[in-house]
Amino acid sequence: MPDLFPHKSGLGLMEPVALINHNVCVLYGSVKNWRKVIYFEPIPFFQCLDIGAIAAQTTSVRVQAVNLQLQDNEFGQFRWFPIDNCQIRFWLPQVDGRYVLRNTQGVLEPTITSRDPCLHMTEFFVWEDYSPWFEAMNVMDYALAQCRIIAGGYRYVTSELSQATVTKIQNGQEACTYVVASGSAGIPR
Amino acid sequence: MVVELLRGTRLQGPVTVMAVAGVANAVAIFQVSTFAAQVGTRTFRLKRIKGLNAALADTLIHIGTGVGVAFVDSIPPLLTINGMNFDFVEDDLPEVEWSVDMTCYPVAATVTIQVEVEEYM
């Protein structure tokens, strides 16, 4: 069993999903990006997006969190929570919802900080500049002046793996951590 | 383990002497952080009000936003007693959130006031 894996939550807060020299496979849609981590650093929690004012009982437009974009050859591991009273749907990329079930799409509210203080259920990954989109619902009878989202995590700089190493990983001869950096519409019947 | 992810930063406004009464003379008693280079936007909640009524009469103080015709009460007016200190703490105050500067005016001057707030990013 690997010691580091996505959405991990032991006693304490967040852990990196991989360390330097670890192999990772960043899945974006149907593309597998086979990479080796060559550098990583923490990104302390910061306000990554303010969707802005939302009228009473309306849904905002879907807004891209460009502040969560990374440079080429990099991926990010983030956890997040909203601090204003709204329900937020999460999309990555713009048309692929996350937290998706057959009949509904899960939302995040500020209450997540008491239900899941480590935020491990909110964890997501970003490949390069394919950053997520947020859509907020003001469920109140009052207008909302702002809708702010706080995110933090880790930034990883990676290099490409050789085909020989990829083959070893696929044959089970070398370890690799798989991370998902996009939503999935599932497999049609 | 207690994790308080929603907690803000406790700050205080300046000691403000409101020597002129009336809504036209409302003054900022706490200014929200708005540095152009800061990341994100901030709001704050009122946590404590401390002051002195030197108006030579009991008087109301209004706390809200804006000045003059733009002034809007954010909480009900508070009655202060002539010659006395007043001290409203968190349990006395509604959990109103400000996203712009907090302003205040007394119906009769002079009233000195200072507020404590918790500012959120």
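This is a predicted model: local features need pLDDT of at least 70, side-chain atom pairs count only at pLDDT 80 or more; totals for chains, interfaces and linings use all residues.

Residues are numbered from 1 along each chain as its sequence is written, while chains are lettered from A and ligands numbered from 1 in the order in which they are written.

Chain B has eleven strands and zero helices; helices (H or I, at least four residues) and strands (E, at least two) are DSSP runs, numbered from the N terminus. Along its principal axes, the C-alpha trace of chain B spans about 50 × 35 × 20 Å. Of the 121 residues in chain B, 25% are buried, that is, 20 or more other C-beta atoms, placed from the backbone, lie within 10 Å of their own. Contacts are pairs whose C-beta atoms, placed from the backbone, lie within 7 Å. Among those in chain B between residues at least 6 apart in sequence, 80% join residues at least 24 apart.

I turn to the core. The largest nonpolar core has 61 residues, a nonpolar core being a set of buried Ala, Val, Leu, Ile, Met, Phe, Trp, Tyr and Cys residues joined through C-beta atoms within 7 Å. Those with the most contacts inside it are Phe125(A), Phe134(A), Cys104(B), Ile113(B) and Val115(B). Not counting residues up to four places away in sequence, Ile113(B) touches several residues, including Met18(B), Ile49(B) and Cys104(B).

Finally, the contact takes twelve residues from chain A and eleven residues from chain B. On the chain A side, strand β2 (residues 31-50) gives the largest share, three residues.

Note on methods:
A residue is buried if 20 or more other C-beta atoms lie within 10 Å of its own, exposed if 12 or fewer, and partly exposed in between; C-beta atoms are placed from the backbone. Two residues are in contact if their C-beta atoms, placed from the backbone, lie within 7 Å.
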